[in-house]
Protein chains: 2
Amino acid sequence: MPDPTRSDQLLPGTLEMLVLKTLSMGSLHGYGIAQNIQRLSGEALRVEEGSLYPALQRMTLKGWVRSRWKLTPTKRRARYYTLTAAGRKQLGLEASAFERLVEAIGRVMQTDAG
Amino acid sequence: MPDPTRSDQLLPGTLEMLVLKTLSMGSLHGYGIAQNIQRLSGEALRVEEGSLYPALQRMTLKGWVRSRWKLTPTKRRARYYTLTAAGRKQLGLEASAFERLVEAIGRVMQTDAG
DNA sequence: ACGCATATATAGACAGCCTATGGACGGCGC
DNA sequence: GCGCCGTCCATAGGCTGTCTATATATGCGT
């Protein structure tokens, strides 16, 4: 009986990495980050606001990003986030850690059942 | 400042899949499941007892596994877990869902930063 | 007798993602 | 002018799942 109220859209633990990656391509506001991840993933990943904004706050506290108010090209106020040097370093760390984990899981999952 | 008290050894959400996979190769007791995952992953994954036993209980409740007491080859009592038909089906579902997720994340992470 | 590996189990803490909700504002149709 | 939709930020509250820590028990080697 899988709980129908839970969608498990994202792989827990990967959100901050995806945000860091998105910001490594240029400063962006929260809404745009979510749209970007969704688009780049081929609509497979959906970033909920209730996940994203707390994550951006955590990442700001950790010094991986900083933000400032700016106007969008469409003249709307938005908080633009920019990757710091520490954030760029963190992106590298998380990306390689994730890759190692996926490879390790792959070794288990590809084991022949015979 | 990464929290040094947290190790994040496993990718959250993958434990049940790994357990299902391990059991698809034959019945096993909890301790053995943990050892097996650790060995098959090339020592990259470590399954903590405090994660594994609750997971086995959840999976029993969901009908994916069933268990019975048995003696190990070394004459020690142990609770052996066996995959049910529902569990085998679940393994297929989780494996393909995981693969899709990893591919989606890969699409984002491999995007050229230019 | 003692330590060590094997084996199960639970409590408690905590991170992180979810749903749900609220507000604000610009552009558009009418 | 008014309503509606899309954009944009933000927080509260709940829940899952993993972790650390601890307790118990037993077989084996020394």
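**A note on chain A and its contacts with chain B**

1. Let's start with the interface: 28 residues of chain A are in contact with 28 residues of chain B, two residues being in contact if their C-beta atoms, placed from the backbone, lie within 7 Å. Helix 1 (15–23), helix 2 (30–40) and helix 4 (85–109) of chain A are the elements giving two or more residues to the side that touches chain B. Helix 4 of chain A provides the largest share, nine residues.

2. A word on reading the model: it is predicted, local features need pLDDT of at least 70, side-chain atom pairs count only at pLDDT 80 or more, and totals for chains, interfaces and linings use all residues. Residues are numbered from 1 along each chain as its sequence is written, and chains are lettered from A and ligands numbered from 1 in the order in which they are written.

3. On confidence, chain A averages a pLDDT of 93, with 91% of the residues at 70 or above; pLDDT is the predictor's confidence in each residue, from 0 to 100. Do watch residues 1–5 of chain A, where the pLDDT is below 50 and the stretch has one contact in the model beyond near neighbours in sequence. Where pLDDT is low, the predicted coordinates should not be read in detail.

4. As for the fold, chain A has four helices and three strands, in the order α-β-α-α-β-β-α along the sequence. Helices (H or I, at least four residues) and strands (E, at least two) are DSSP runs, numbered from the N terminus.

5. Finally, the C-alpha trace of chain A spans about 60 × 35 × 25 Å along its principal axes.
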